[in-house]
Each structure stands twice: as C-alpha cells, then as structure tokens.
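Open your viewer and let us walk through this structure together, one selection at a time. Each stop tells you what to pick and what you will find there.

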Amino acid sequence: MTPSALKQLSLQSDPALTAAYANLAHDFNPLHLDQDFASQTPFGGPIVHGSMSLVLLLNAIEVTFGAAATQQDLDIRFTAPVRVGERITAGGDRTDDGFSVWVRTDDGKDVLSGTLRIASPA
Amino acid sequence: MTDEAALWTFDRFESGQSFGTVNIAMDEAKKAEWVKLFGPSDSSRLPGGMIVAAMMEAYIRAIQPRPNGNVHASQALSFTGAPARWNDTLAISVFCRDKEERKGRKWVSFGVEASAGGQVIMTGTIRSIWAA
C-alpha cells in the first residue's frame, strides 16, 4: 500500500559534513568550502551542495519503500540555498500520480522541490 | 588532463558533445565515506543517493578544468530498477544536452547515464548555471 507521506529524514549541516560530502562526490567547488570565495558570491557565504539535499531525499525514499529494486523518476529544482550550519529535512506528500517531494530548513524554507513517480513500489 | 588544458567555458559547449565515460568503484573506501555521512548501509544494494554522488563525481571529473562557482540548479533522474551493489564499478557517461543564455545566465544541461555490469541503472539531466 502506498503511504500518504514519505518518512522524513533530517541532516545537520556543518563544515565537516560539507567537506566529507565534497570527498564523496569529488565536488570541491569553493562555493561550498571556501569562506572567502563564497562570501564574494551572491550567496554571501558557503552553501551546502545541492546534490547532498538530493541524496538526503533519496535516502528518505529508500527508508519509506525499502531498498528493493524500484523504477522511479524524480524531477527536482534547487529552490533556495542551504547555508552551511543549517539543518535540513527531506520528505514528500502523496499526490494523484506520485509524491510532491521537498527538502526544507527548520525555519520552513523550501530548498528543493519536485515530483517523484514510482512505477513499482516495494 | 594537464594544467594547461583549456578551461571549459560556456562558449565551448555543444549539444550532443560527449565527455566520455568515467568508471567509479563502489569499493570499501567509497562505502566508508558514505557511512561517515549517512550511517550504515545495511543492504548490499547500492543506495540511490550513492549513485547520485557518483554521478556528480563523474560529471566533475569528465569536465575539467572548470570555472569556480557553477551552480547546480535542477536535476532529473530516472532509476531503471536494475540493481547495483557495493563493490560494483559504475560506468557513467556524460554529455552535453543543450545550452541557453537567458536573463544573462549561462544555462547548460548535461546528460548522464550510469551502468553497472553492462545494465543501465540510472539516467539523468544535470542543469547548471555555468560561471564563465
């Protein structure tokens, strides 16, 4: 039976976590890691890798449906930056043809939003 | 790739251009990095998030050198349902889908296709705002 919502997962970001993710994804963009560089950009300081929010969302999907083989389509936008130090939570709400998925900060800012369609939930 | 290689700027991208295939081993070292961030991976099955992190690694390794400050704006992913496991090596191909300059921003879409054991496990589109 399809649940009405995804199980939520949270992650507290900090510089060490961001550096660990940079290693995992081989993504050393100074926008995420270099205070001096990032402070010169419109973001005003280091931001969390967008794909780390996406990975958290995928983990929430797998916690909800299990790790069995599933055919699924995900289409998302990164709608706002996550400052390093912010805590994020990933989740999703069932819609007519899938889930409306999101990642948001503790103050309710959506940082990722999109749609998930699962062809064969476990 | 040498230090003298030309920087990948917006002007150099062309629709359909291939950046080759990057092989990334989902070995014990990679698993340890994953566990450090996201906790134990109980299943032998590779987490979808690990496939996404590997996709980012392939995208970054395939297109070098690149300007600082590119922004990952949006992402589409299709998981085929074919399994991948820890200790597999993922073969991830990267190509340019299209590019467009809009409101002074340089948008580039990159296609990716990840395979394990000869089977496609995921395809995707990375949409970036290129910095230079």
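Start by selecting chain A: of its 122 residues, 48% count as buried, where buried means under 20% relative accessible area, exposed means over 50% and partly exposed lies in between, with a 1.4 Å probe and protein chains only. Before going further, note that this is a predicted model, in which local features need pLDDT of at least 70, side-chain atom pairs count only at pLDDT 80 or more, and totals for chains, interfaces and linings use all residues. Residues are numbered from 1 along each chain as its sequence is written, chains are lettered from A and ligands numbered from 1 in the order in which they are written, and side-chain values use heavy atoms, leaving out hydrogens and water.

**Chain A as a whole**

Switch to a cartoon view. Chain A has four helices and five strands; helices (H or I, at least four residues) and strands (E, at least two) are DSSP runs, numbered from the N terminus. Along the principal axes, the C-alpha atoms of chain A fill a box of roughly 50 × 25 × 20 Å.

Of the contacts in chain A with a separation of 6 or more, 63% are between residues 24 or more positions apart.

**Two stops in chain A**

Select His26(A), in the loop between helix 1 (15-25) and helix 2 (30-33) of chain A. Its phi is near 55 degrees, a positive value in a residue other than glycine. Is His26(A) buried, partly exposed or exposed? His26(A) is partly exposed, with a relative accessible area of 23%.

Next, go to Arg94(A), in strand 3 (residues 87-95) of chain A. Arg94(A) is partly exposed too, at 45% relative accessibility. Which residues does Arg94(A) touch, not counting those up to four places away in sequence? Show Thr2(A), Pro3(A), Ser4(A) and Phe99(A) to see them.

**Crossing to chain B**

Display both chains together. At their interface, 33 residues of chain B are in contact with 33 residues of chain A. The area buried between the two chains is about 2800 Å², with carbon and sulfur atoms giving 64% of it; buried area here is the accessible area (1.4 Å probe) that two parts lose on being put together, summed over both. On the chain B side, select Leu37(B), Phe38(B) and Phe79(B), which lose the most area to chain A, together 21% of what that side buries.

Two helices and five strands make up its secondary structure, in the order β-α-α-β-β-β-β from the N terminus. Of the 132 residues of chain B, 52% count as buried. The C-alpha trace of chain B spans about 45 × 30 × 25 Å along its principal axes.

Find Tyr59(B) in helix 2 (residues 48-62) of chain B. Tyr59(B) is buried, with a relative accessible area of 3%. Leaving aside neighbours within four places in sequence, Tyr59(B) is in contact with Arg66(B), Val94(B), Phe110(B), Ile126(B), Ser128(B) and Trp130(B). Val112(B) is 53 residues from Tyr59(B) in sequence, and 7.8 Å away in space, C-alpha to C-alpha.

Move on to Pro65(B), in the loop between helix 2 and strand 2 (71-79) of chain B. Look at the peptide bond from Gln64(B) to Pro65(B): this bond is cis, with omega near -10 degrees.

Finish at Lys103(B), in the loop between strand 3 (89-102) and strand 4 (105-116) of chain B. Here phi is near 50 degrees, again a positive value in a residue other than glycine. Lys103(B) counts as exposed, at 85% relative accessibility.

How values were computed
Contact = heavy atoms within 4.5 Å.
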